[in-house]
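I am opening a page for this structure.

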2 protein chains.
Amino acid sequence: MQALARLPIFLALAGKRALVAGNGAPVAWKAEMLAAAGADVAVFAEQPCEELRTIAAHPPHAAIALQQRAWRIEDFAGAAVAVGGFEEAAEAERFSGAARAAGVPVNVIDRPAYCDFSFGAIVNRSPLVIGISTDGAAPVFAQAIRAKLETMIPRGFARWADAARRWRQAVQSSGLSPSGRRQFWRAFAAFAVSNPQREPAPSD
Amino acid sequence: MQALARLPIFLALAGKRALVAGNGAPVAWKAEMLAAAGADVAVFAEQPCEELRTIAAHPPHAAIALQQRAWRIEDFAGAAVAVGGFEEAAEAERFSGAARAAGVPVNVIDRPAYCDFSFGAIVNRSPLVIGISTDGAAPVFAQAIRAKLETMIPRGFARWADAARRWRQAVQSSGLSPSGRRQFWRAFAAFAVSNPQREPAPSD
């Protein structure tokens, strides 16, 4: 296997706690993304900006609890992930150190030295999700690839992935052998990839 | 933002410790992938299978240290990520519990209930890395999309991402305004996406 700049993993955040601290629009976007992924998001900002207030008032999926105070060490307890955005390098360092001491994977926006992980550009066709990272090479690069993938994988494609999930149980109990099931899914996937716009029907 | 089945993140594993426990070919593949991403991988297996022995003898990038004993609670200390593969549900549960108590994100192969995250299919054009998850809908589905992306993004594309990283400093100090730099990168990315096979040259 060739050297891999970063290891992509997919966090299951439903019902988990996410900690967000700091201020500004990029912080608000991360809070929104974490909530969209199902996390209960706790945001700590002494003087929350407009974007943070708006997001907290209209969270996309799960809850966003905005607390008008600075973050504290004890806020990390039980968090699955932590994201911060700070003007001051010193605060970025303290936040990252506190997260690591608590065993919480941490990202500090625009400060790679204080990050355990980076976010990539995302193509969201849930349950199909694609993440694109350029390891800091040029963010606009990942955006260009995302735009290309979004054209290539139309929204309707999500229905195929969804159908696969619904049919999985039926295929498991169909009496097909493991290799027969694998063949079925291979044919299914090939058909979906070449017919992304088509609506999956029980007859397929 | 629409609900997101999983949140893709990209782990920076260079110089970090990864813990792998259990046995079998899928366990060996995960150890290989973690090492390819630059982690120092510690593998614990009482009776390591052929695949584990081979991988440990020829790690792809960083080191893989194979220890012929069962994993212990203290092995989790300082680990950035933990992956296990077990026959017994009871051991899967113990492993996952120990990881979570130690604050280490954990994946137990084929046991979603004991996982904090899942792996996806990977397109490796480092520094460009793409991860594809179908949230367990049908793994073969992610494989089909990977195959399509691999055709779409030829190996040569990695050179463009690499060039972007090398040129970044020069562009930062070029005297261009932030919006001028953004325009430059947008043009650069658009050119690369439409000329993936071409070799980037200084004149570009």
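**Ala36(A)**

I looked up Ala36(A) and found it in helix H1 of chain A, residues 25-36. Helices here are DSSP runs of H or I with at least four residues, strands are runs of E with at least two, and both are numbered from the N terminus. The model is predicted: local features need pLDDT of at least 70, side-chain atom pairs count only at pLDDT 80 or more, and totals for chains, interfaces and linings use all residues. Residues are numbered from 1 along each chain as its sequence is written, chains are lettered from A and ligands numbered from 1 in the order in which they are written, and side-chain values use heavy atoms, with hydrogens and water left out.

Is Ala36(A) buried or exposed? Ala36(A) counts as buried because its relative accessibility is 1%. Buried means under 20% relative accessible area, exposed over 50%, and partly exposed in between, with a 1.4 Å probe and protein chains only.

I then listed what Ala36(A) touches, leaving out residues up to four places away in sequence: Pro60(A) and His61(A), and from chain B Met1(B), Gln2(B), Ala3(B) and Leu4(B). Contact means heavy atoms within 4.5 Å. Pro59(A) is 23 residues from Ala36(A) in sequence, and their C-alpha atoms are 7.9 Å apart.

**Helix pairs**

I took H5(A), residues 157-172, with H6(A), residues 178-194; their axes come within 11 Å and cross at roughly 165°. Axes are lines fitted to C-alpha atoms, for helices over the stretch in contact, and angles run from 0 to 180 degrees between N-to-C directions. H5(A) and H6(A) are therefore roughly antiparallel. Angles under 35 degrees count as roughly parallel, over 145 as roughly antiparallel, 65 to 115 as roughly perpendicular and the rest as oblique. Residues making the contact include Trp160(A), Trp167(A) and Val171(A) of H5(A), and Phe184(A), Trp185(A) and Phe188(A) of H6(A).

Between the chains, I checked H4(A) against H4(B), residues 139-152 in each; the axes come within 13 Å and cross at roughly 125°. That angle makes H4(A) oblique to H4(B). Lys148(A), Leu149(A) and Met152(A) meet Lys148(B), Leu149(B) and Met152(B) there.

Which residues of H4(A) meet H5(B)? They are Pro139(A), Phe141(A) and Ile145(A), and across from them in H5(B) are Phe157(B), Trp160(B), Ala161(B) and Arg168(B). The axes of H4(A) and H5(B) come within 10 Å and cross at roughly 150°. The two helices are therefore roughly antiparallel.

**Cores**

The largest nonpolar core has 64 residues, and Leu7, Leu34 and Val41 of both chains A and B have the most contacts inside it. A nonpolar core is a set of buried Ala, Val, Leu, Ile, Met, Phe, Trp, Tyr and Cys residues joined through side-chain atoms within 4.5 Å. Another core lies apart from it, with 49 residues, among them Val171(A), Val193(A), Ile145(B) and Ala163(B).

**Chain A overall**

I counted six helices and nine strands in chain A. Of its 204 residues, 52% count as buried. The C-alpha trace spans about 60 × 35 × 30 Å along its principal axes.

Chain A is assigned domain 1 (17-119), domain 2 (121-153) and domain 3 (157-194); the bounds come from an automatic or database domain assignment. The centres of domain 1 and domain 3 of chain A, over C-alpha atoms, are 38 Å apart.
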